[in-house]
Amino acid sequence: EVLYGLYFAKSHISKSNKCYLVEGYTDVISMSQAGVKNVVSSSGTSLSTKQINLIKRITNNIVLLFDSDEAGIKASFKHIDSLLKESMNVRIVLFPKGEDPDSFAQKNSESDVVNYLVNNEKDFIEFKTLLLNQSNDKSPAKIVENIKSIAKSISVIPDKLLRIEYCKLSSSLLQISETDLMEEVNKIKLSNKSLAPKKNSSIIE
């Protein structure tokens, strides 16, 4: 229910209108010492709705900082959908191979750390698409799996117009028609609605 470092970071988050999220408390300490003060940690746990809303009170803009190993990438994928459901603007920074926010901050100057974050920040769709497309498996089944993964992330975005814009972007990156991708997104949304506890019946938007 809490975020490590939030008490000290909140004024910097408000001023920059951006929050960096890392995994561990040592990442927070090292990044803060390197001049990145608008940083908090979920303390290695799955990001909860309560934690997301603590950030949302200050800013809608969040940047996930993760190391580039498989565990870090999986963690970022897990957090992305949770944040999108809460209407957060999500961007990602991956650190070089073998580095995490803690080690990178300790090895580099303050200006180098700040410049790296600025120059390597990617929209979540661009990030997720590029990573999925890096797979050596180029079989039709794997391509379809990747498309469905992207569509799943888009489907949780509450704003209809934003979903449409992300479908436009993703369709060019995935080399699939925008119409086909939007159909898949709507199919996932409809499936999720049918599984959710029923309140009032409504049609998909």
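Colleague: Why are α8 and α9 called roughly antiparallel to each other?

Modeller: First, a caution: this is a predicted model. Now the angle. The axes of α8 (residues 140-155) and α9 (residues 160-174) cross at roughly 165°. Angles over 145 degrees count as roughly antiparallel. Therefore α8 and α9 are roughly antiparallel to each other. Their axes also come within 10 Å, and α8 passes α9 in a right-handed crossing.

Colleague: Which residues make the contact of α8 with α9?

Modeller: From α8 come I147, I150, I154 and S155. From α9 come R163, Y166, C167, S170 and L174. Sort these residues by type, and six are nonpolar, two are polar and one is charged.

Colleague: What makes α7 roughly antiparallel to α8?

Modeller: Use the angle again. The axes of α7 (residues 124-133) and α8 cross at roughly 165° and come within 10 Å. The cut-off is over 145 degrees, so α7 is roughly antiparallel to α8. The crossing of α7 past α8 is right-handed.

Colleague: Which residues make that contact?

Modeller: On α7 they are F124, I125, K128, T129, L132 and N133. On α8 they are N146, S149, I150, S153 and I154.

Colleague: Let's turn to charges. How many salt bridges does the structure hold?

Modeller: The structure holds nine salt bridges. Side chains of opposite charge can pair when their charged atoms come close.

Colleague: How do you know that E1 and K50 meet in a salt bridge?

Modeller: Check the distance. For E1 and K50 it is 3.2 Å, N to O. A salt bridge needs a Lys or Arg nitrogen within 4 Å of an Asp or Glu carboxyl oxygen. The pair of E1 and K50 therefore qualifies. This pair links distant parts of the chain, 49 residues apart. E1 sits in the segment before α1 (6-16), while K50 is in helix α3 (residues 49-56).

Colleague: Why does E1 count as exposed?

Modeller: Its relative accessibility is 66%. Exposed means over 50%, so E1 counts as exposed.

Colleague: What links K18 with E121?

Modeller: A salt bridge, with the closest N and O atoms 3.1 Å apart. Here too the pair joins distant parts of the chain, 103 residues apart. K18 is in the loop between α1 and β1 (19-22). E121 is in the loop between α6 (110-119) and β5 (122-123). K18, R91 and E121 are linked in a network of salt bridges.

Colleague: How far apart along the helix are E145 and K142?

Modeller: E145 and K142 both lie in α8, three residues apart, about one turn of the helix. They form a salt bridge, and their closest N and O atoms are 3.3 Å apart. E145 has a relative accessible area of 45%, so E145 is partly exposed.

Colleague: Which residues of α2 are buried?

Modeller: In α2 (residues 25-33), D27, V28, S30 and M31 are buried. Their cover includes β1, β2 (39-41), β3 (61-66), α5 (101-107) and α6. Just after α2, G35 takes a positive phi of about 100°.

Colleague: What makes S42 buried?

Modeller: S42 has a relative accessible area of 3%. The limit for buried is under 20%, so S42 is buried. S42 is in the loop between β2 and α3. Leaving out residues up to four places away in sequence, S42 touches L3, L21, V22, E23, L47, Q51 and H79. The C-alpha atoms of S42 and Y25 are separated by 8.3 Å.

Colleague: What is the phi of N17?

Modeller: Phi of N17 is near 55°, a positive value in a residue other than glycine. N17 is in the loop between α1 and β1. Its relative accessible area is 41%, so N17 is partly exposed.

Colleague: Why does S87 count as partly exposed?

Modeller: The relative accessibility of S87 is 38%. That lies between the cut-offs of 20% and 50%, so S87 counts as partly exposed. S87 lies in the loop between α4 (70-85) and β4 (89-94). S87 has a positive phi of about 65°, although it is not a glycine.

Key
Residues are numbered from 1 along each chain as its sequence is written. This is a predicted model: local features need pLDDT of at least 70, side-chain atom pairs count only at pLDDT 80 or more; totals for chains, interfaces and linings use all residues. Side-chain values use heavy atoms; hydrogens and water are left out. Axes are lines fitted to C-alpha atoms, for helices over the stretch in contact, and angles run from 0 to 180 degrees between N-to-C directions. Helices (H or I, at least four residues) and strands (E, at least two) are DSSP runs, numbered from the N terminus. Angles under 35 degrees count as roughly parallel, over 145 as roughly antiparallel, 65 to 115 as roughly perpendicular and the rest as oblique. A crossing is left-handed if the near helix is turned anticlockwise from the far one by less than a right angle, and right-handed if clockwise. Contact means heavy atoms within 4.5 Å. Ala, Val, Leu, Ile, Met, Phe, Trp, Tyr, Cys and Pro count as nonpolar, Asp, Glu, Lys and Arg as charged, and the others, Gly among them, as polar. A salt bridge is a side-chain nitrogen of Lys or Arg within 4 Å of a carboxyl oxygen of Asp or Glu. Buried means under 20% relative accessible area, exposed over 50%, partly exposed in between (1.4 Å probe, protein chains only).
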